[in-house]
Amino acid sequence: MALFSKLKDRLFKSSSRIEQGLDAIVEDGGTPEPQAPTAHTADPQEPTPTIPEPDPQPQPVPELPGTPEAPEPMPADPIPAPAPQEQPAPVPENPAPTPGLLGRLLGRKDAAPVIRRTLDDDMLEQLEELLITSDMGVDTALRVTANMAEGRIGKKLSTPEIKALLSQEIARIMEPVARPLPIYPKRPQVVLVVGVNGSGKTTTIGKLASQFRAAGKKVVIAAGDTFRAAAVEQLQVWGDRAGVPVLTAPEGSDPASLAFDAMTRAQAEGADLLMIDTAGRLQNRADLMEELAKIVRVIRKKDETAPHNTLLVLDATTGQNALSQVETFQKLADVSGLVMTKLDGTARGGVLVALADKFGLPIHAIGVGEQIDDLAPFDPADFANALTGAEA
Ligand SMILES: Nc1nc2c(ncn2[C@@H]2O[C@H](COP(=O)(O)OP(=O)(O)OP(=O)(O)O)[C@@H](O)[C@H]2O)c(=O)[nH]1
Ligand SMILES: [Mg+2]
């Protein structure tokens with residue numbers, strides 16, 4: 001059971017904004033309807049073992065490094081089948097009678113009345129607003145709600161039904177971007193890691209190095225953030241944890257020449273992967289652009305196809321800001337994929353949906369904590385369920 005539910009527990013600090021908002025919207029305009037006390041219908045709180053463990057793609061760890069050369073290793077399609085809620089939900093036109101004498105006699109916990117709300121323009125507007133204020137962006141929010149509403153206007157929907165519908169729509173948007181870091185038959189495969197200050201670049205490199213190493217890859221890390229001595233030390237700590245060599249240069253020295261040396265050594269040692277950490281100084285965009293361009297120029301002297309991946313690391317807690325960071329870094333570097341960090345520390349995750357919808361860049365992994373194994377593959381259904389509070 002572990003991985004699946006552990007991830008869900010950690011994905012967001014508390015119930016996400018969206019989940020809370022959905023509860024409020026249905027309660028706001030809904031009417032309680034008594035429910036037959038038979039335990040079968042949606043009691044969202046109960047850990048109903050629908051399918052004990054869907055487990056379509058367990059083992060997040062080797063996923064990232066795995067699969068040689070096929071950049072699209074897995075079906076990444078964990079939803080067993082979005083069947084149940086696809087239909088407008090079996091709205092009993094005449095609400096179930098009363099809790100029922102039998103039920104009461106048998107001492108069943110009295111069925112809490114289920115609140116249902118008729119899906120109308122009013123409710124749709126509230127849903128749109130909720131999604132927009134949850135960082136999903138106007139276009140995405142409108143499209144998602146329109147899809148949810150299709151064929152369901154006038155139907156009475158319960159909170160769990162609404163959550164499930166929204167979750168499906170979100171998962172559908174996220175599925176195409178859920179892609180592990182592609183591994184190419186290049187040696188060394190050069191992974192350039194970029195992102196603003198504090199987004200989690202160094203930590204993510206440490207986590208990735210550890211996973212790749214566990215998967216049998218030979219990894220070298222270059223401490224390309226030569227700007228601060230502390231940055232080099234931090235990377236060295238991660239290198240030690242991961243059991244991977246870290247190439248460093250004196251503080252203030254040229255990151256490009258370090259990258260060149262690292263490339264030379266990685267080639268000489270037959271390393272599978274070279275990960276290059278960079279400084280995230282966006283305050284001076286021109287400098288950073290020049291610095292990144294120079295790193296790229298220099299490593300291309302050794303391998304003109306490098307870097308093979310340029311990972312942009314984004315901090316999920318920055319919300320909407322992540323969108324402009326993608327735009328900026330796409331101008332600075334040839335971003336090939338994203339890692340979203342700190343999803344464990346936020347109630348905001350809506351921006352991932354906007355990112356997926358707007359840029360379509362692969363999300364290779366998500367950071368769910370500060371420890372070395374707190375990096376998981378991005379699972380769209382898991383994410384959508386956690387974001388909306390829908391049951392898996
Ligand atoms: N909770 C949580 N914290 C994280 C995660 N990833 C990174 N952090 C923390 O975020 C802080 C910044 O991480 P770094 O890896 O140093 O970020 P950076 O991008 O290298 O920062 P600079 O080198 O200053 O540009 C550290 O305290 C990390 O422990 C995550 O997934 N979850
Ligand atoms: Mg760093």
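Predicted model: local features only at pLDDT ≥ 70, side-chain atom pairs only at ≥ 80, totals over all residues.
Which side chains meet in a salt bridge at 3.5 Å, N to O? I shall begin with that pair and then turn to the protein as a whole.

The side chains are those of Glu169 and Arg172. By salt bridge I mean a side-chain nitrogen of Lys or Arg within 4 Å of a carboxyl oxygen of Asp or Glu. Residues are numbered from 1 along each chain as its sequence is written, chains are lettered from A and ligands numbered from 1 in the order in which they are written, and side-chain values use heavy atoms, with hydrogens and water left out.

Glu169 and Arg172 both belong to helix 8, residues 159-174, where they are three residues apart, about one turn of the helix. Helices (H or I, at least four residues) and strands (E, at least two) are DSSP runs, numbered from the N terminus. Glu169 is buried, at 7% relative accessible area, whereas Arg172 is partly exposed, at 46%. Here buried means under 20% relative accessible area, exposed means over 50%, and partly exposed lies in between, with a 1.4 Å probe and protein chains only. Arg228 and Asp225 also form a salt bridge, at 3.7 Å, N to O. In that pair Asp225 is buried, at 7%, and Arg228 is partly exposed, at 40%.

In the whole structure, 16 salt bridges are found. One of them joins the side chains of Glu33 and Lys156, at 2.9 Å, N to O. This pair links distant parts of the chain, since Glu33 is in strand 1 (residues 31-33) and Lys156 in strand 3 (residues 156-158), 123 residues apart. Glu33 is buried at 9% relative accessibility, while Lys156 is partly exposed at 29%.

Let me now consider the overall fold. The protein has 15 helices and 11 strands. Of its 392 residues, 50% are buried. Among contacts with a separation of 6 or more, 82% are between residues 24 or more positions apart, a contact being heavy atoms within 4.5 Å. The accessible surface comes to about 17,700 Å², and carbon and sulfur atoms hold 53% of that area; the areas come from the Shrake-Rupley method with a 1.4 Å probe, and for residues only the protein chains shown count as cover.

Helix 14, residues 350-359, is mostly covered, with seven of its 10 residues buried. Among them are Val351, Leu352, Val353 and Leu355. Gly360 follows this helix, with a positive phi near 65°.

Finally, which residues gather in a patch of negative charge on the surface? They are Glu27, Asp28, Asp120, Asp121, Asp122, Glu125 and Glu129. Such patches are made of residues with over 30% relative accessible area and no salt bridge, like charges being joined within 9 Å. Helix 2 (17-29) and helix 6 (121-136) each supply at least two residues, and helix 6 gives the most, with four. Asp121 has its place in helix 6 and is exposed, at 58% relative accessible area.

Technical notes. Patch = residues over 30% accessible without salt bridge, like charges linked within 9 Å, V, L, I, M, F, W, Y side chains within 5 Å. Lys, Arg positive; Asp, Glu negative; His and termini not counted. Charge placed at Lys NZ, Arg CZ, Asp CG, Glu CD.
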